[in-house]
Amino acid sequence: MHYIYCPQCGKRLINKIAGDDGFVPFCERCNKYWFDSFSSCSIVLVANQYNEIALLRQLYMSDKFTSFVSGYITPGENAEETAVREVKEELGIDIDRIEYAGTYWFDSKEILMHGFIGFTTKCDFKLSSEVDSAEWVPALKAPETMFPDRPGNTMYPIYRKYLKIVGLSK
Ligand SMILES: [Zn+2]
């Protein structure tokens, strides 16, 4: 988001040079630069010891098992904590080990996605009300129902990293 008015006092911002960053919106009343802002999310591929991955079905988006766990990073949290918390909230399970899988820019919603692979021991899900259902799916079969592989879908680079780590890449 590009600021035009000061989010603190409402005054119209001017453009002011901020070192190497060039012109940046600036509030003369608050004496503060307002750099363009965006949201941050963590997205987690959850995998078990049988090379199965957790796919979520959220009926407001699709009737298929399309998605990984994801959620917004809240102030005070780091991306790893968000990943572990969201898996617990949405699937009701604990992650034994987490691996970072890179960051991805999700342009249509202006979100920086922090990718993770979370390893766990297979168990039943205790779903949150946000998730209509979830399933353990053999990793190589997951793309049959996942949202299509296209630019902007951050699931696939994480998925390909996972296949590499567990030795399932062709
Ligand atoms: Zn201001």
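Reader: Is Cys30 buried, partly exposed or exposed?

Author: In this predicted model, the relative accessible area of Cys30 comes to 28%. Buried means under 20% and exposed means over 50%, with partly exposed in between. Cys30 is therefore partly exposed.

Reader: What is the relative accessible area of Cys6, and where in the chain do Cys6 and Cys30 stand?

Author: Both residues coordinate the zinc ion through SG, together with Cys9 and Cys27. Cys6 is buried, and its relative accessible area is 4%.

Reader: Which arrangement do the four donor atoms form around the zinc ion?

Author: The donors are the SG atoms of Cys6, Cys9, Cys27 and Cys30, at 2.3 Å from the zinc ion, and in sequence these residues follow the spacing C-x2-C-x17-C-x2-C. Four donors count as tetrahedral if all angles lie between 85 and 135 degrees. Here the angles subtended are 105 to 113°, so the arrangement is tetrahedral.

Reader: Which residue in E3 is the bridge partner of Cys27?

Author: Strand E2, residues 23-27, pairs with E3 in the antiparallel sense over two bridges. Cys27, which also coordinates the zinc ion through its SG atom, has a bridge partner in E3, namely Lys32.

Reader: Which strands stand at the edges of the sheet?

Author: The open sheet has three strands in the order E1-E2-E3, with antiparallel pairing. Two of these strands each have a single partner strand, so one side of each is left without a neighbour in the sheet; these edge strands are E1 (14-17) and E3 (32-33).

Notes:
Residues are numbered from 1 along each chain as its sequence is written. This is a predicted model: local features need pLDDT of at least 70, side-chain atom pairs count only at pLDDT 80 or more; totals for chains, interfaces and linings use all residues. Side-chain values use heavy atoms; hydrogens and water are left out. Two strands pair if DSSP finds at least two bridges between them. Helices (H or I, at least four residues) and strands (E, at least two) are DSSP runs, numbered from the N terminus. Donors are N, O and S atoms within 2.8 Å of the metal (3.2 Å for Na, K and Ca); water is not among the atoms, so sites may look incomplete. Four donors count as tetrahedral if all angles lie between 85 and 135 degrees; four count as square planar and six as octahedral if opposite donors are over 155 degrees apart and all others between 65 and 115; anything else is irregular. Buried means under 20% relative accessible area, exposed over 50%, partly exposed in between (1.4 Å probe, protein chains only).
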